[in-house]
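Please look over the sequence and the fold shown below before reading on. The report that follows takes up contacts, overall fold, core and surface in turn.

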Amino acid sequence: MHLRNVEIFCEVVSLRSFSKAAEVHHVSQSSASQAVHQLEKRLETLLIDRSKRPFELTAAGKIYYEGCRELLEGFRQIE
């Protein structure tokens, strides 16, 4: 798992936008989408339901987001 993908996923969720998260991380919207897709592929589950506008987190996505947020907060405190 790449921490960068986790950071992008959390940013996508908090900003409710792939394009805004991409801008924050200085990557293309496609790269942000790919980062989330790679996490979904690794976890073998859908994290974000993209069929709805605005998108919604799946149940697994909500759990994963909370865990990742805590992980990133802990990481930042250690640094």
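## Contacts along the chain

Among contacts in the protein chain between residues at least 6 apart in sequence, what percentage join residues at least 24 apart? In this model, which is predicted rather than determined by experiment, the share of such contacts that join residues at least 24 apart is 47%.

## Overall fold

The protein chain contains 4 helices and 2 strands, and when these are read along the sequence they follow the pattern α-α-α-β-β-α. The radius of gyration is 12 Å, close to the 12 Å that the globule rule gives for 79 residues, so the protein chain is as compact as a globular protein of that length. Along its principal axes, the C-alpha trace spans about 35 × 25 × 20 Å.

Buried residues account for 35% of the 79 residues in the protein chain. The largest nonpolar core is made up of 21 residues, and those with the most contacts inside it are Val 6, Phe 9, Cys 10, Val 12, Ile 48 and Tyr 64. Two or more residues of this core come from each of helix H1 (3-15), helix H2 (18-24), helix H3 (29-43) and helix H4 (59-78), with H1 giving the most, at 6 residues.

Methods:
Residues numbered from 1 in each chain as written. Predicted model: local features only at pLDDT ≥ 70, side-chain atom pairs only at ≥ 80, totals over all residues. Heavy atoms only, no water. Core = buried A, V, L, I, M, F, W, Y, C linked by side-chain atoms within 4.5 Å. Buried < 20%, exposed > 50% of the residue type's maximum accessible area, 1.4 Å probe, protein only. Rg over C-alpha atoms; globule rule 2.2 N^0.38 Å. Contact = heavy atoms within 4.5 Å.
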